[in-house]
Amino acid sequence: MIAPDIDFILRRHAGAGRDALIPILQEVQEAHGYLSREAIICVSRHLGLPASKVCGVATFYNEFRFRAPGKFHVQVCRGTACHVKRSARLLDATATALGIKPGETSRDGLFSLEAVACVGACALAPVLAVNGEFHACVGPDSVRRILDFYRGKAARDGTDGG
Amino acid sequence: MITIDANGRPINARPGEMLLDALRRAGLSVPTLCHVEGLPPSGACRMCVVEVEGQRALVPSCALPVSEGMKVRTHSPRALRARKTIVELLLANHPDDCLYCVRSGACRLQDLAEELGVRQRRYGGARTASKVDTSSPSIIRDPDKCILCGKCVRVCEEVQGVSAIDFHGRGSRTRVSTAFDEGLNVSSCINCGQCILACPTGALREQSHVKEVLAALDDPKKFVVVQHAPAVSVTLAEEFGLKPGTDIAGQMTAVLRGLGFQRVFDASLAADLTVMEEASELVDRLRSGGRLPMMTSCSPGWIKLVEQAYPDFIENLSTCKSPQQMLGALVKSYFAERQSLDPAQIFSVSVAPCTAKKFEAERPEMARGGAADVDAVLTTRELAQIIRMRGLDVGALAPGPADSPLGERSTAGKLFGASGGAAEAVLRTLHFMLTGKELEQPRMPALRGPKGLKETRVRIGDLDLGVAVASGLASARRLLEDIREGRRRDLQFIEVMTCPGGCVAGGGQPLGAGPEAVEARMQALYRIDRDERVRTAHGNESVGRLYREYLGRPLSNRSRKLLHTRYARRDVVL
């Protein structure tokens, strides 16, 4: 069964050739938050491309994710300015606090972690962003406080990640 | 022709060709790790860099078109230094386990490190620690030994049209992998082993059955028999330093006896049986309006491709088992009965030029009563390894004849080893079956040679038969697409061999063979066909006796039970 939203995207690209691969993958990720195995197979069938090739293209670009993101998607900036402000340490601290590696999603589905290139807020370095909300000048010690804020928010909303 | 100056010497070059090709023709050996003869250059490895006058940087000769008056230096200190550095960098994260590596002695990376005088580790890189993929019955992938030259990826895509593997990730994290990093066994890999032939290192190798075979030979309770495929006797010699195209059938039989095999059978005889059954099946389809064009079924990589990518053509496949499986079935039925042996006591080994035969032998369809008909499959390379291990001198042994009753073949069966040979063999017998007369010209030049797609029309009585032969699955796919689109209604019979050129160029054959070697191997089979007397399957007395004594006639109930099978759609990620 093709998920209806993927079907919708593929219909929009009826008769498309291999040059449409990246735009289609982008739209699928926009709709699902990531590229699932099933989605990749649907796209490769639609374009008549081998799945190994679609995986090859998708894994080449950092923008594509292969696991469902958490309710809160945490991005740690690893751009030059943040690097100088020791964002490597920040990334490690975040990973330790969440118990996951960059590219992974926590078991409760609440958080996912991603290391990203410059987010364009160098004056605030080092930057940690959660669902697009920037947290400025984040030291390793303040990571837990920030994460707890979002945990509390989830509890208040009465939702979990699932 | 244009003239270029190489190392101060004028050499001829063809306009438009790449510098590397011109240099090699002139006898100048410039090393490469990523070049695949016959495919467009990829320029990935940079080993073939040369100095070109007027150019500041070193230029990869594989991707540089020649031009009149070009002046190049192929082995200048600068070029040599660059090559050596490349090898040193490749070695930076390469496992240092040459002594234990299956490719030791046949590894291009090892050769180049030797040739360029690499004597110490100058760069220490972080090692990768990937899992070795042993999931496939045919091929083992050891990603840590991969140098990312891309030859396997290109052969899989461009020669075979399969694309089971591709580059994943990027930069220092680049790796060659299947879709979703899953095991080769569940991927679209068709087990052909062309990637193994292409690989310059030990990153790809066959799933070895050497241990099992040695154990069986050592077990007094086992009755160990062996069959050898048509294309093995004309390639095994290369493993022992003889030139490509040397046929050593007799010595090989003697060696197999020397190794302790109690019977040495010839799969070419089973190929003769395949001819009888397949020709009868074609007659049947032509007369009863069965599904046409009928397609041959002796190549297991091709069968898997049809099952997974062209299930609408499964009905077109001949129901015949491959010669290996026909002989396997007869050994554990007919032969066992004649010898009063319990089939469970027999250990049946096949020597094949092929890695996909390992997969085929394990197919559930190929087992009867819960036991496989063929217990182990050795590639030509593995047989050579066993011969060396046991210290046998192939050249010193007196040639021996194959065993009766499953050892005597015609040259028609032998031709199965070259692309087009199976079709030629079937047409000879088909003519006899339909007209009662032999073909006046049994040799069919149009179906011979290494081309990927060959065609001919044959007149048999009032029948005008369209025959096509494809080898290399990319060629076969093009043909299938044409048939699907309804453009090839003129064809009634199609032979497909998975590997380009047929079994002589199979994935289990000796490494390092270029197009000339493959051509020489083909010619060896053609010479056998030219020189011997029995050139048709129906003219093979042993085949006649087998039908009289046991099978009845082609397509009889017993033949159908032992020699035929059915295929079904296979669900894999394409």
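Visitor: Why is F72(A) called buried?
Guide: Its relative accessible area is 5%. Buried means under 20%, exposed over 50% and partly exposed in between, with a 1.4 Å probe and protein chains only, so at 5% F72(A) counts as buried.

Visitor: What are the ground rules here?
Guide: This is a predicted model, where local features need pLDDT of at least 70, side-chain atom pairs count only at pLDDT 80 or more, and totals for chains, interfaces and linings use all residues; side-chain values use heavy atoms, with hydrogens and water left out. Residues are numbered from 1 along each chain as its sequence is written, while chains are lettered from A and ligands numbered from 1 in the order in which they are written.

Visitor: What makes two rings a pair?
Guide: Rings of Phe, Tyr and Trp (its six-membered ring) pair if their centres lie within 6.5 Å; planes under 30 degrees apart are stacked, over 60 edge-to-face and the rest tilted. That rule gives eight aromatic pairs over all chains.

Visitor: Why is the pair of F72(A) and Y150(A) called tilted?
Guide: The centres are 5.0 Å apart and the planes stand at 55°, so it's tilted.

Visitor: How do you know that this pair links distant parts of the chain?
Guide: F72(A) is in strand 1 (residues 72-77) of chain A and Y150(A) in helix 7 (residues 143-157) of chain A, 78 residues apart. Helices (H or I, at least four residues) and strands (E, at least two) are DSSP runs, numbered from the N terminus.

Visitor: Is Y150(A) buried or exposed?
Guide: Buried, because its relative accessibility is 1%. F72(A), F111(A), F149(A) and Y150(A) also form one aromatic cluster.

Visitor: Why is the pair of F265(B) and F335(B) called edge-to-face?
Guide: The planes are at 75°, with the centres 5.2 Å apart, so edge-to-face it is. F265(B) lies in strand 11 (residues 263-266) of chain B and F335(B) in helix 10 (residues 323-338) of chain B, so parts 70 residues apart in sequence get tied together. F265(B) and F335(B) are both buried.

Visitor: What makes you say the charged end of R388(B) sits over the ring of F240(B)?
Guide: The rule wants NZ of Lys or CZ of Arg within 6 Å of the ring centre and within 35 degrees of the ring normal. R388(B) qualifies over F240(B), at 5.8 Å from the centre. R558(B) lies over the face of Y550(B) too, at 3.9 Å from the ring centre.

Visitor: Why is D464(B) called partly exposed?
Guide: D464(B) has a relative accessible area of 35%, so it's partly exposed. D464(B) lies in strand 18 (residues 463-471) of chain B.

Visitor: How do you know that a polar contact joins the side chains of D464(B) and R457(B)?
Guide: Polar contacts are pairs of N or O atoms within 3.5 Å; within protein, one must be able to donate a hydrogen and the other to accept it, and residues adjacent in sequence count only if both atoms are side-chain atoms. The one between D464(B) and R457(B) is 3.1 Å.

Visitor: How do chain A and chain B meet?
Guide: 14 residues of chain A are in contact (heavy atoms within 4.5 Å) with 15 residues of chain B. About 1,300 Å² is buried between the two chains, 53% of it on carbon and sulfur atoms. R37(A), S52(A) and F60(A) supply 39% of the area chain A buries against chain B, more than any other three residues. Buried area here is the accessible area (1.4 Å probe) that two parts lose on being put together, summed over both.
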